[in-house]
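Work through the following exercises with the structure in view, and try each task before reading its solution.

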Amino acid sequence: QVSRDNGQSPPLLPPPPPPPPHRTRVTSQPSKQPENSPVHSKDQPAPGPLKLPSVDTVHAQIKNVTFFIQELLKAAQTQRQDEFARCSLSITAAVNKVIQMFPSKLESPELIGSIRELESATTHLQKECHNPSHQDLAYHTRLVITSAYDVVKAARFLVTCMENLK
């Protein structure tokens, strides 16, 4: 192309560098993602630590996740469906803290899979809490409870994976 200023071609610029690697995070807002596609936020990169957290540290953070799930289950048992969304946001925040404790590059396929399962289960729970898939409240509540137990199972599996790496 010819510049209008002096008739010379503009200098070619090198391509921009690739963006830094991002840690995945479960977003706190549901989106219109396909059901099998976990929701991640790339707007908030988190470099992550350089080494694995201790089993005790992971276990302590998982306790926070289970505490918030217990709150969700109490809301379900007392038919307070209006609290599902708030509870799912607390669960998501606690799960994100767990995920952020891990380095972005992991070597153990089992550990990678357990983190992905925890993300997926949390995303599914959040979707059920924010966008009920069924009009029948009793059925919807059962779906939320099942999704909450899936998060608990994934969290327990992550702890088991950490214990197996000792």
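The expected span of a helix is 1.5 Å times one less than its number of residues, and helices are DSSP runs of H or I with at least four residues, numbered from the N terminus. The model is predicted, so that local features need pLDDT of at least 70 and side-chain atom pairs count only at pLDDT 80 or more, while totals for chains, interfaces and linings use all residues. Residues are numbered from 1 along each chain as its sequence is written, and side-chain values use heavy atoms, without hydrogens and water.

**Exercise 1.** Find which helices the buried residues of helix 3 pack against.

Solution. Buried means under 20% relative accessible area, and the buried residues of helix 3 include L111, I115, L118, L125 and C129. They pack against helix 1 (55-77), helix 2 (84-100) and helix 4 (137-164). Taking contact as heavy atoms within 4.5 Å, L72 is in contact with L125 and C129, among other residues beyond four places in sequence.

**Exercise 2.** Determine how many disulfides the structure holds.

Solution. A disulfide is counted when a pair of cysteine sulfur atoms lies within 2.5 Å, and a search of the whole structure finds zero. C129 is in no disulfide, as the nearest cysteine sulfur, that of C87, is 7.5 Å away. C129 is buried, with a relative accessible area of 7%, and C161 is buried at 1%.

Methods
Buried < 20%, exposed > 50% of the residue type's maximum accessible area, 1.4 Å probe, protein only. Helix = DSSP H or I, 4+ residues; strand = E, 2+ residues; numbered from the N terminus.
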